[in-house]
Amino acid sequence: MHFEELEALNPRNPSVGLIDAPTPHKVAVLVLVDQYIRAKKAAADAGLEYPAHLRRNFCMLLLKLIQYPDMTFSDLYQLLCSSKYKIDDYHLECFEKVIGNVFSMGLETLFDFCEMQNIEKMLAEQVGVSQFSIVGLYIRRVGVVLERLSFPEMVALHKNICLYYEKGLRSLTTSSRKHNRLESLLIDESDNDTTEEPVLDTETVHMDRNQHCKWSAKQVELFVNQQCNLLENNELRALTPIEMQSKLNEIIRDNPLSAQAYFLGYMNQLRLRDVFGALNALHRAFDRSPMQIMGQSEQKGFQYFSVNLAVLHASFEHRREALNALKECIMLAQECGDKRCLDLANSWYCLLKSKHIDPFEKCIPDVEDIGMIQSLSLAIQFVVMFGAQCGYLPLDLFQMLLKSDEVNSKNSRPQHVSDSLALRSALWCTYGRHEMSALYSQLLLNLKKTWVFGDVSNSESVCKVLSSLALWFNVQGEHQLGVVLLMHARSRFPRYPNAINWMISECHVSIQQAIYRCQWQEASKWCCQLYLLDRNDGTLQRAMVYIAKGYYNEARHILLELQNSAALDVLSQVRVLVLMAYTNMSSSITSTQAIEHLMRASVLSASAYMEYENALIGVLLAEVMLRMGLPQKALQSMKNSMDHIYINGGLYDRANTDFTFVRCLVKAGHDRNIQQQRLRKALPILERAIDSYRKLEAHAKVLDIFVYIAKTFDELGILSERNKYACKFKNYYTENPVPREYLNAIY
């Protein structure tokens, strides 16, 4: 604990009750309002109307000056002369004159200005300042405090005003000299000065501000609320971590007992993934919170700090510590009778123990409690996500989402509506309906542009759908569009936890491209990065790389360890079984265990209603039966699976389906003439597959098709066509050389 904080705890410290004492900046604001009223009255006496744009500029300026922290005089003067808040020249001249008189003519001028009679004149209704408005309340509050100051305190205030004014003049003089020196160099760039002002512009508050200029309690509350809201909904528009910490240091220096400032510091450290800094800030907020509660139970409020402590540990995968904090929170909430906190703690407990506790019983709070609408909506979405991972009936899950939409629409919860749309997109993607998933993603992105969702355009749901669309574009061969979306997501969501979504998509995109191009070292590097983000997914992708390289034993060893893991969802289990089948297939030998693994995967995917995964399994079964000499069975399996893949599949899956279908079709011919006719008719299909592989830069697969066509025509005795495609193979191999061991690969 710092010395200033110990001093603040001392009840005899006179500065504790004077946090909102009048400062030179507040007196300057009163002078500015007084001169505005005089200028407006002078214009009315002359029969002129005060310009509307000047009134509007001054009102916006005054709102900024009241809500935001104190400024130095030089910053205030530059703000008055800026293009956005420029005031009337006569108004500015009168303001400079009054401040100069206070500085040069001594204490008497300040006493005359601070008389209550002058304050009452500013609050007169006929001059346009209502005493019940925000400005009126501000003037009344500062005026009352000024009237109660003793003579020594007024002398000290006058001395601070003189220092405030003198230091500001020196700063203005220095800046004007620098401006004149650089004006010739910046003449060409003056037309481009159209940068937008951030939502909370506190850049004018510098560290060299006057030590008597303090953050008031209301200013701290506004700053903390705005920044917390931006960190939650639109982090891109919030202050950067360094700037925010600088402002928080000023606030804590002025308000050592501000628990809100420490809690904002906790959120700032949490987005930087600084566990020790976040824990320290949360402990300090916890220590200072009871000092702000007067006449209430000492236990009140502690349970929410326990919830935040659990969230902190859960964010860093400290499950044991998080569960201990949640147990403490549940006990405190029961002692205080806080049902809302109790339901919140139970929801988090269910989330952390979802593998052992049924969420349908533990997660949904009381529907009749109006205060639990948010928890109810989040609980329903969690149940839907959990049910999809466990293979529940899709109809029931979508009906539950309709219930969530009804609750959110009735209670105006745009954030949860957007989360529901993102969850729908993820559900359709899980069930293999990628076109529907992309449709809901685009719907969410379009709705975010409207007024309905307010300032939540950078929420987690947007990051999820952007990442999903980027992955989908890459699967379709639109690499440039995918890169654009990933770069856009990177710029909008630069930090954890939202950044994990586009980082996972980037890893998947890079791994797939590296596999297509046979760049195994690059693929392994991205697998290591993916492993840090998602352990099971990273292991699965590494096994896929090993299979593509032909290292079946290494892949089988990894998959066996992954198969024994208890943390796999249904989709991951299906993909593990499919990859296990690949490890039992080579270019020359196909084991019967491959069929066993594929049948298990088919039953599991069918029970979880994953039609697209089942279709991919059907194509792989056709490949196995074709290798076992059962072309008719293979062709029938292909016909059952092709529709789902052509409708919802990516470019690579469609090309594989085309190639396998043509091979099954030709092989199923009874004699050489039928095989020849079918091969000639299927050449456009193979050309389409070649174009798809070329677009994905899967050169080994293009060469495999050329080899198959040339060998098949050679077997049929058509030498001219054989030579034609053999020449194509040679030319393409010359342009895109591929090692021989990667040709005719099963994956």
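**Before starting.** I'm working from a predicted model, so I take everything below as computed from it.

**Helix α28.** I looked up residues 570–583, which form helix α28. I wanted to see how its length works out. At 1.5 Å a residue, its 14 residues should span 20 Å, and I found the end C-alpha atoms 20 Å apart, so the two agree.

Next I asked myself how many of the 14 residues in α28 are buried. I got 11, so I noted the helix as mostly covered. Among the buried ones are Val570, Leu571 and Val574. Tyr582 and Thr583 are buried too, and I met both again in the next entry.

**Tyrosine 552.** I found this residue in helix α27, which covers residues 552–563. Is tyrosine 552 buried or exposed? Its relative accessible area is 19%, and the cut-off for buried is under 20%, so I put it down as buried.

Then I checked what tyrosine 552 touches, leaving aside neighbours within four places in sequence. I listed Ile547, Tyr582, Thr583, Met585, Ser586 and Ile746.

**Surface patch.** Which residues make the nonpolar patch of about 270 Å²? I found Phe111, Phe151 and Val155. I followed up phenylalanine 151, which lies in helix α9, residues 151–182. Its relative accessibility is 53%, and exposed means over 50%, so phenylalanine 151 counts as exposed.

Definitions and conventions: Residues numbered from 1 in each chain as written. Predicted model: local features only at pLDDT ≥ 70, side-chain atom pairs only at ≥ 80, totals over all residues. Heavy atoms only, no water. Helix = DSSP H or I, 4+ residues; strand = E, 2+ residues; numbered from the N terminus. Expected span 1.5 Å × (residues − 1). Buried < 20%, exposed > 50% of the residue type's maximum accessible area, 1.4 Å probe, protein only. Contact = heavy atoms within 4.5 Å. Patch = residues over 30% accessible without salt bridge, like charges linked within 9 Å, V, L, I, M, F, W, Y side chains within 5 Å. Areas by Shrake-Rupley, 256 points an atom, 1.4 Å probe, with all protein chains shown as cover. Salt bridge = Lys/Arg side-chain N within 4 Å of Asp/Glu carboxyl O.
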